[in-house]
Amino acid sequence: MYGFHQAQLLSNMAIGIFTLRQQLRGLLSKNWTGTIKTSYVEYLVVGGGGSGGLAGGGAGGFLTGILPVTPGVSYVATVGGGGNAAPGNNSIIGEVIAKGGGTGHTGGSGGDNNGGSGGGAYGYLPGSGIFGQGNSGGQSASGAGGGGGAGTVGLNGLGGNAGGNGGAGIASDITGSRVVYAGGGGGFGSSSGGTGGVGGGGNGPSASAPGTAGQANTGGGGGGLTGGGNVTGGSGIVIIRYPSTYADLTSTTPSLSPTTANGYKIYTWSSTGSGAFTV
C-alpha cells in the first residue's frame with residue numbers, strides 16, 4: 001500500500017505535474033526531461049547597516065527566499081549603503097525590500113532608531129526591528145546598548161560602565177561558502193566597549209579606544225563613538241542563484257559574470273546603488 005505522498009507523486013507523474021522541489025532535484029542530477037520549467041531565482045538581500053552613536057547601530061534587514069521570475073522581464077537589484085549619521089539604506093530585488101538598520105542613540109530621543117534591526121539606546125528606549133528581518137537594540141545601564149542583529153537582539157549595557165554587545169547575524173551558504181550577515185554594532189562603555197555582533201557589526205568604543213564601522217557588504221551596524229558623532233554602518237548586498245543547468249542571465253547591470261558552486265550559478269551585486277538583471 002502506497003502512502004499518501006507516494007500515491008500523490010504517482011498521480012502527478014501520470015498527468016505531468018511536478019513540484020518545484022522535484023524539478024530542482026532533477027535539474028541538479030541532470031535527469032530532468034520535463035518540457036515545462038519553473039522560472040525562479042533564490043535570493044539573499046541584506047539592507048545597509050545603521051550608523052552607531054553612543055549606542056550601537058542596528059543591522060540591515062536580512063531576507064532570503066525564492067523569487068518567481070518571467071523570462072525577458074528586467075528586475076531591479078539595489079544595494080543599500082551603510083548609514084552615515086543616519087539609518088542604513090534599503091536593499092531591493094524585485095518587490096523584496098530589506099530595510100536599512102536603525103541608528104544608535106547619541107543620547108537624544110531621535111526618530112531614526114527603528115529599522116531592519118533597531119539601534120541601541122543610551123538613556124532612551126531602543127529601536128525596534130522588523131519582524132522577519134531583524135531584532136531590537138539593547139538599552140543602557142551605565143553603558144550604551146548594542147544594536148540589534150538579524151539573529152538576536154542587541155544586549156543591554158552593563159554595570160561597571162561596559163557597553164552592550166551587538167546582536168548576532170544569520171549565516172547563509174548561498175555563495176557556496178558559509179558567511180554570516182547583519183550583525184549589530186557594539187555600544188559605548190567608558191571601561192569597555194561592546195563587541196560587534198558576528199556578521200559584520202562594528203565594535204563599540206571605550207574611553208581609550210574608538211568604535212569601528214560596520215563591515216562592507218554584510219549590513220553590519222556601526223559601533224558607538226565617544227564624544228558625539230557617528231560611526232558608519234556597513235553596506236548591504238544582493239545575491240541570487242539558480243541551478244547551473246539553466247543558461248546565464250541575458251543581461252545584468254552592471255555587467256556581471258556568474259560564479260558557480262554546488263550546482264548553482266551565482267550572481268552578486270556588491271556596489272552601492274541600483275542595477276538590474278534579465279533571465
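The model is predicted: local features need pLDDT of at least 70, side-chain atom pairs count only at pLDDT 80 or more, and totals for chains, interfaces and linings use all residues. Residues are numbered from 1 along each chain as its sequence is written, and side-chain values use heavy atoms, with hydrogens and water left out.

**The sheet**
- Five strands make up an open sheet, ordered S2-S1-S8-S11-S10, with antiparallel pairing.
- Strands are DSSP runs (E, at least two residues), numbered from the N terminus; two of them pair if DSSP finds at least two bridges between them.
- Strand S2 (62-68) and strand S10 (259-261) are the edge strands, each pairing on one side only.
- On average, neighbouring strands of this sheet are turned by 25° against each other, direction ignored.
- Strand S8 (residues 237-243) pairs with strand S11 (residues 264-269) in the antiparallel sense, over six bridges.

**Lys265**
- Lys265 lies in strand S11 and is the bridge partner of Tyr242.
- Lys265 counts as buried because its relative accessibility is 13%; buried means under 20% relative accessible area (1.4 Å probe, protein chains only).
- Its side chain makes a polar contact with the side chain of Asp248 at 2.7 Å.
- A polar contact is a pair of N or O atoms within 3.5 Å; within protein, one must be able to donate a hydrogen and the other to accept it, and residues adjacent in sequence count only if both atoms are side-chain atoms.

**Gly183**
- Gly183 sits in the loop between strand S7 (179-181) and S8.
- Gly183 is buried, at 0% relative accessibility.
- Gly183 and Gly57 are 126 residues apart in sequence and 9.5 Å apart in space, C-alpha to C-alpha.

Technical notes. Helices (H or I, at least four residues) and strands (E, at least two) are DSSP runs, numbered from the N terminus. Axes are lines fitted to C-alpha atoms, for helices over the stretch in contact, and angles run from 0 to 180 degrees between N-to-C directions. Buried means under 20% relative accessible area, exposed over 50%, partly exposed in between (1.4 Å probe, protein chains only).
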